[in-house]
Amino acid sequence: MRCDTLWKNARLATMAEGVDAIDHGLIAARDGVILHAGPQAAAPMFDAAEVIDCEGRWITPGLIDCHTHLVYAGNRAHEFELRLKGASYEEIARAGGGIVSTMKATRAASEDDLVAGALPRLDALIAEGVTTIEVKSGYGLTCDDETKMLRAARRLGKERRVRISTTFLGAHALPPEYAGDADGYVDLVCRWMIPAIAEAGLADAVDAFCEGVGFTPAQTQRVFDAAAKVGLPVKLHAEQLSNLNGAALAARAGALSADHLEHLDAEGIAAMARAGTVATLLPGAYYFMRDTHLPPVAALRAAGVPIALATDSNPGTSPLTSLLLAMNMGATLFRLTVEECLAAVTRNAARALGLSGETGTIEAGKSCDLAIWDIERPAELVYRIGFNSLHARIWKGL
Ligand code: DI6
Ligand code: FE
């Protein structure tokens, strides 16, 4: 059988459901798609244009960071200093800092500025074997500035060899010009922004921040209804700082994922399990905010809710650009197993983006997105802190 590239003498963590690691494996790819992956001994004969001897290295699917706010201008290091002196995130936000300070910087930035600012962060993720990244809007909060952010996000996928999935997060914070009129702003989001963004093909999903400092469940429902009208899937920032039953609301809307979930309760877990909604945990935000309220990992596991991990890379609550560190935190802080951490940044992360048919596992028919590692066992990817074992990264077969 003819193929473009053959990776042989590899150990495979395919991350396909129910498939064990393969000790002597090979992967064949043609036209950027996996043609065959499995034990070398049982493989068909391939006539490959290029054969790569992996010398026993481990291959995992290319990693997927399924929740980021990678595009923004400025940073909030000064607010970090204020928090170190005792100020709280909420106090800083009320004093005009927080999301609104990033909003001001982002509104003042051009699309080119936003791309240039995001590229070093993107490169940090790519250097760790990440091949798919979700990027949210939510720091523009006008129709023009939100579309500018999403265009910048889409452009990242042209500047680098990476799959970018974009999410419209207009309902992230209330812009100052709508102070006291959150419903009026939600009107703008639902009646103008979502239809315009869908029409321009700028978003792959719609998200909202359902929280005391964000939007109410009723407002979130309106955003979900507007997304359904234009045929976009939804996801939700839910139960991060308090329990507003956002995860259950998201599950009822058939959400791809509910994210954060530190304050998720049994009812929310049951609703997510029924709907097949992915629980995306964000240990970077938990760590950086010095949160102490753990997400209910054991109950999620018991209910069979798929768990993803992501960086939540953003300037305010998670200035993190290492998915490997997010995996370490997922294990150390949240007590996920190694196997769960790996599934959380591959198979389950793909599912959280609605991309299960395309990436996230090493299986015939999927995009040939691979990370090849200089490690003795997969646990090393989770165990090390601040060390990158990547040997090579393959996206769409190259
Ligand atoms: N939850 C978060 O933790 C971030 N956004 C969100 O909805 C915070 C973003 C920021 O502070 O800039
Ligand atoms: Fe977030």
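## Exercises: two ligands in a predicted model

Of the 14 residues around ligand 1, those that come nearest are Arg76, Tyr89, Tyr139, His172 and Thr317. The model is predicted.

**Exercise 1.** Find how far polar side-chain atoms of Arg76, Tyr89 and Tyr139 lie from an oxygen atom of ligand 1.

*Solution.*
- Step 1. Start with Arg76: a polar atom of its side chain is 2.7 Å from a ligand 1 oxygen.
- Step 2. Go on to Tyr89: an N or O atom in its side chain lies 2.5 Å from an oxygen of ligand 1.
- Step 3. Finish with Tyr139: here the distance to a ligand 1 oxygen is 2.6 Å.
- Step 4. Look at the cover. Ligand 1 on its own has 320 Å² of accessible area, and the protein covers 99% of it.

**Exercise 2.** Say where ligand 1 sits, and sort the residues of its shell into nonpolar, polar and charged.

*Solution.*
- Step 1. Locate the ligand: the largest pocket holds ligand 1.
- Step 2. Sort the shell: four residues are nonpolar, eight are polar and two are charged.

**Exercise 3.** Name the protein donors of the iron ion (ligand 2), give their spacing along the chain, and explain why their arrangement is irregular.

*Solution.*
- Step 1. List the donors: His67 (NE2), His69 (NE2), His237 (NE2) and Asp312 (OD) lie 2.1 to 2.3 Å from the iron ion.
- Step 2. Write their spacing along the chain: H-x1-H-x167-H-x74-D.
- Step 3. Check the angles. The four donor atoms subtend 81 to 165° around the iron ion, so the arrangement is irregular. A tetrahedral set would need all angles between 85 and 135 degrees.

Methods:
Residues are numbered from 1 along each chain as its sequence is written. Chains are lettered from A and ligands numbered from 1 in the order in which they are written. This is a predicted model: local features need pLDDT of at least 70, side-chain atom pairs count only at pLDDT 80 or more; totals for chains, interfaces and linings use all residues. Side-chain values use heavy atoms; hydrogens and water are left out. A residue is near a molecule or strand if one of its heavy atoms lies within 4 Å of it. A polar contact is a pair of N or O atoms within 3.5 Å; within protein, one must be able to donate a hydrogen and the other to accept it, and residues adjacent in sequence count only if both atoms are side-chain atoms. Accessible areas come from the Shrake-Rupley method with a 1.4 Å probe; for residues, only the protein chains shown count as cover. On a 1 Å grid over the protein atoms alone, a cavity is a set of points where a 1.4 Å probe fits but cannot get out, and a pocket is an open set with protein on both sides within 12 Å along at least five of seven lines; lining residues have an atom within 4 Å of a point. A molecule sits in a cavity or pocket if more than half of its atoms lie within 2 Å of its grid points. Ala, Val, Leu, Ile, Met, Phe, Trp, Tyr, Cys and Pro count as nonpolar, Asp, Glu, Lys and Arg as charged, and the others, Gly among them, as polar. Donors are N, O and S atoms within 2.8 Å of the metal (3.2 Å for Na, K and Ca); water is not among the atoms, so sites may look incomplete. Four donors count as tetrahedral if all angles lie between 85 and 135 degrees; four count as square planar and six as octahedral if opposite donors are over 155 degrees apart and all others between 65 and 115; anything else is irregular.
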